[in-house]
Amino acid sequence: MAGFLSDLVKYRKLLLMIVVLGIGGTHLSGFQMSVINYTSPYVQKFVNETWLERYGSALHQETLTLLWSFIVSLYCVGGMIGCLCSGYLTAKYGKKKCLLFNDVVLIIATLHTGFSRRAKSFEMILIGRFLEGIGAALPLLCLLHFGIHMNAHVQYAGEISPRKLRGFVNVTSSVFLALGKAVARVLGLRDLLGTEDMWNILLSFSGLVALIQLLFLPFFPESPPYLLLQKGDKAGCLKAMKELWGEGNYHTEFDDMMKEKAVTKGTKIMSVLEVLKEPSVYPQLSTMLLLLLSLQLCGLSAITFYTTEIFQTANLQESIIPYVSLGVAISELISIIFCSSIIDRFGRRILLWGGYLLMALILVLLETSLLLSDQFLWMRYCSVILIFLFIIAYGIGPAGAVASVMNEIFTLSTRSSAFVIGGIVIWLGLTFTGMIFPFAVMLLGPFCFLIFIAVLVISAVLIYLFLPETKGKSTSEITEEFRARRFKKKRHQTVEKNATEEKTFCTKF
């Protein structure tokens, strides 16, 4: 731990850049993901009052619900557009320029939502939510967010880090995501901005954060790998490394980039279709698919769905429940910070498969406590404790490690498009789970946790068997390991085929 802290002091300029990236990146995703829950009743009341003032009649509940769903879904539509555009934009213009442009879009969006109440126009909320969605996709209750700022942030953070701090820097995207959710819950309290008079200010808070990044990010360089591999600017790459990491010997990192440049010589940034047609990338894409789907189906959605009900059955007062929920968010934040401090020591694989197995065990205990809560009243308090333990296991394990692995298994030529594919997978998965999960809860009740327990166990086994450790390895080394595994599998299939043919020949003879 002492060595880790000394590294943070040594790389203080890098740490400062991580803060600037984080507050305008995943922090905004976490904030926007959580804040909508606190403004929902006030926005719906505003829409109804505005309609009544304009047309002299109140909206039917069905129409009001439909308009509210438009406000939510336009954010998702904007998020999908941002996801599809992010790969091309980050490859062509770089991560830094994309983030700065995105900050301007977010400021314009929050001006619309902020002044909608004064202008008595709920249409301004629709426009603002759409523009916010372009900047940040809304994968509900999922760690990875793929809008323009998220795509650029995660890649940018991974590319500016030295090898020995790569895991820590990658996990900071998850740290700021959890921080954004915690900030939203704090500001959403009725003692602060979660009131009928202040909901528009609460929705506009993200514009202030985007303005901070817009003012300070220009003082930091573009990522060294982008300058060397994409722009061919060797001097600019060395200058950026010196700016971010200070004076020192960084031949290892520079040699890694030169090796990647030699391997990808003559290879341009690949489009989504080109990545999908390239067989050599299939193992990495399969790994990404496994990580994203396991993260979506890990049971976090079920835990969130039952949290309020569990707190109520534990006889917690209604006025205390928001503060207990805030405690859950803070637990997630602290656990992910802890994950960032140990990931470069223990590696990614053990945090993933170990974290999933621990989460499965906690869900088994939670399932048991929910079933026995009517017979033993003290089991209700056990359920509350198990919720906190599940969130802590989630934060220490997959919440941080997934982002790190995804950034490390792709080369610069495929990373942007791979993240776009990952974003599409998340959107499709969210659509499916969003449609199926409510029915699963209606049919199965607390037994729906059994589905997630099965997913967690299967994911842990697959990760243990097939995911190579990426700790301390360059991108070219990780790519070579995937290639070796793929070649070994092909060779095994060829040997089996030849043996079968030989046996057939002998039989005929």
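This is a predicted model: local features need pLDDT of at least 70, side-chain atom pairs count only at pLDDT 80 or more; totals for chains, interfaces and linings use all residues.
Visitor: What is a disulfide, in general?

Guide: A disulfide is a covalent bond between the sulfur atoms of two cysteines.

Visitor: How many disulfides does a search of the whole structure find?

Guide: The search finds 0. Cys-98 is buried, at 5% relative accessible area. Cys-382 is partly exposed, at 26%.

Visitor: Now salt bridges. What makes a pair count as a salt bridge?

Guide: A side-chain nitrogen of Lys or Arg must lie within 4 Å of a carboxyl oxygen of Asp or Glu. The whole structure holds 11 salt bridges. Take Glu-123 and Arg-54, with N to O at 2.8 Å. Glu-123 sits in helix H6 and Arg-54 in helix H3, so this pair ties together parts 69 residues apart in sequence.

Visitor: Where do Asp-197 and Arg-117 lie?

Guide: Their side chains form a salt bridge at 3.5 Å, N to O. Asp-197 is in the loop between helix H8 and helix H9, while Arg-117 is in helix H5; the pair therefore ties together parts 80 residues apart in sequence. Asp-197 is exposed, at 55%. Arg-117 is partly exposed, at 31%.

Visitor: Are Glu-408 and Arg-348 buried or exposed?

Guide: Glu-408 is buried, at 3% relative accessible area. Arg-348 is buried too, at 1%. Their closest N and O atoms are 2.5 Å apart. Glu-408 belongs to helix H19, and Arg-348 to the loop between helix H16 and helix H17, 60 residues apart.

Visitor: Which residues join Arg-348 and Glu-408 in one network?

Guide: Arg-166 and Asp-344 do, through salt bridges that share partners.

Definitions and conventions: Residues are numbered from 1 along each chain as its sequence is written. Side-chain values use heavy atoms; hydrogens and water are left out. A disulfide is a pair of cysteine sulfur atoms within 2.5 Å. Buried means under 20% relative accessible area, exposed over 50%, partly exposed in between (1.4 Å probe, protein chains only). Helices (H or I, at least four residues) and strands (E, at least two) are DSSP runs, numbered from the N terminus.
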